[in-house]
Amino acid sequence: MDMPSPDQTVLAKKAHIVARLRAVLPLDAVIEDEIETRAYECDALTAYRCPPLAAVLPSSTAEVAAVLKICHEENVPVVPRGAGTSLAGGALPTADSVILGVARMNDVLETDYENRLVRVQTGRTNLSVSGAVEENDFFYAPDPSSQLACAIAGNIAMNSGGAHCLKYGVTTNNLLGVTMVMMDGEIVEIGGGHLDAGGLDLLGVICGSEGQLGVVTEATLRILRKPEGARPVLIGFDDNQVAGTCVSDIIKAGILPVAIEFMDRPCIRATEAFAGAGYPDCEALLIIEVEGSEQEIEVQLDRIVAIARRHNPVEIRESGSAEESAKIWLGRKSAFGAMGQINDYMCLDGTIPVSQLPYVLRRISEMSKEYGLDVGNVFHAGDGNMHPLILFDANKPGDLELCEDFGADILRLCVEVGGCLTGEHGVGIEKRDLMLDQYAPEDLEIQMAVKDVFDPKWLLNPAKVFPLAASHARRSVSH
Ligand SMILES: Cc1cc2nc3c(=O)[nH]c(=O)nc-3n(C[C@H](O)[C@H](O)[C@H](O)COP(=O)(O)OP(=O)(O)OC[C@H]3O[C@@H](n4cnc5c(N)ncnc54)[C@H](O)[C@@H]3O)c2cc1C
């Protein structure tokens, strides 16, 4: 009798898994066709692609539990997916994995204005959480630029931030509880409608765990009353580092704007061509927003403008109306898309102490010359969360690799000055091997021991977060 070829064995295994998944999910919730699974072959880090074995789109926590139980029994890796906007390759499949997408799970389950919380299924998009409570003058604070598309699931997994997180904190500061399905199918509740819980802070461990510990299906989120008013001011400078010094002076003065955003000339130019936000033509631009009553706004803006004037700005423009404010923010929120129209780019994400901004901006500009690759900077300057966009040509052999080396050097620089490898985009595949630049091997060992507890077989979101060799070693020991 002929032995089956390796291809036949893989196909037979796939057919077996798909048949088991079909037995617990509706017909249209299991995608196995080679063409259709391509929709899940990458996230927003599009340089890396790999179609999964299959994709499933459950509609309830119970369906998620059924899928995970099967995959656990069959030793099939699972990659949780929200909207696939990760810039770190966090939702990138492996060829032997099942993508578990929560996009169909997008209901609002409860709104409780008295206790300022909303409970949602995690496939709901970030912006539509605010949309669900805005008629009662509430909003959900974390606001990634991708908020129209990205899901609460991914926000929790990446501990996402956004322009307004300087004042309100990132996802972890606005998350009260989750329903999570463990890899073996057990459903657990962590946290709830209260501020804190006794015992270890497991919610803190889950938030930012990048799909390594479980699949989060429901979330209880803090909602806030909308401020009485808010107003941005645009401040232009003819020097990047001077703009950076202005940011650290504002923070040093104890002023807490709701947002301080930074854009340099390449980003300003691209954004103007794309969105026509009316930005001045200068080397660096700060968008600083304050909020409160009219009087509070005036007082804060006066102090900010006084500090800015000490740094010889080329332009100071306060918004005079809701339309002007919207236009100012439209430019900033379009910046990534605008840069993407003119070039391939790699978007980095690292955090530094705000006081190091001028030095780090200078070093990035020097490194840009050394590597021969241009860089645009657009980032959340108030909390030191840098996003250098390295421009490269994906069709030019060797350019991507050069870009990756340059990116790694920038992230090492962030660590060197006392910052860290990520700000809000997570580690994913992008920075997994740089983790040893941030952590000693013993520290990483402790982090991996936490995963051992939640996912002893190392089936959840494989080959992410931890250095690849360490992940592989752990997985092979556990099987
Ligand atoms: C143009 C653009 C602008 C962006 N701006 C910002 C920004 O300002 N701030 C910011 O923080 N990020 C930003 N991002 C990055 C991205 O949008 C965030 O990381 C976002 O939180 C990802 O959400 P998602 O639903 O798309 O997750 P995915 O990309 O689908 O997944 C991200 C990670 O979450 C895990 N995951 C997904 N669902 C679950 C689940 N149910 N349970 C457990 N783990 C899960 C995945 O396995 C993966 O590791 C931007 C991206 C783009 C493309």
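**Inside the chain**

Mentor: The chain has an accessible surface of about 20100 Å², and carbon and sulfur atoms hold 52% of it (Shrake-Rupley method, 1.4 Å probe; for residues, only the protein chains shown count as cover). This is a predicted model: local features need pLDDT of at least 70, side-chain atom pairs need 80 or more, and totals for chains, interfaces and linings use all residues. Numbering runs from 1 along each chain as its sequence is written, and side-chain values use heavy atoms, without hydrogens or water.

Now the overall build. The chain holds 15 helices and 20 strands (DSSP runs numbered from the N terminus: helices are H or I, at least four residues; strands are E, at least two). Its radius of gyration is 23 Å, close to the 23 Å from the globule rule for 479 residues, so the chain is as compact as a globular protein of that length (taken over C-alpha atoms; the rule is 2.2 Å times the number of residues to the power 0.38). The C-alpha atoms fill a box of roughly 85 × 55 × 40 Å along the principal axes.

Go inward. Of the 479 residues, 54% are buried (under 20% relative accessible area; exposed is over 50%, partly exposed in between; 1.4 Å probe, protein chains only). Take contacts between residues at least 6 apart in sequence: 71% of them join residues at least 24 apart (contact means heavy atoms within 4.5 Å).

Here is the main core. The largest nonpolar core has 43 residues (buried Ala, Val, Leu, Ile, Met, Phe, Trp, Tyr and Cys joined through side-chain atoms within 4.5 Å). Helix α12, residues 399-416, gives the most to this core, with 6 residues. Ile250, Phe262, Leu286, Ile288, Leu357 and Met386 have the most contacts inside the core. Look at Leu357. Leaving out residues up to four places away in sequence, Leu357 touches Gly244, Val247, Ile352, Phe379, Ala381 and Met386.

A second, separate core has 28 residues, including Val64, Leu68, Leu100 and Leu460. Now find Pro80, in strand β3, residues 78-81. Pro80 is buried, at 18% relative accessible area. Beyond four places in sequence, Pro80 touches Ala91, Leu100, Gly211, Val215, Leu460 and Asn461. Two of those names, Leu100 and Leu460, belong to the second core.

End with Glu318, in strand β15, residues 315-318. At 34% relative accessibility, Glu318 is partly exposed. Among its contacts beyond four places in sequence are Arg231, Pro232 and Val233.
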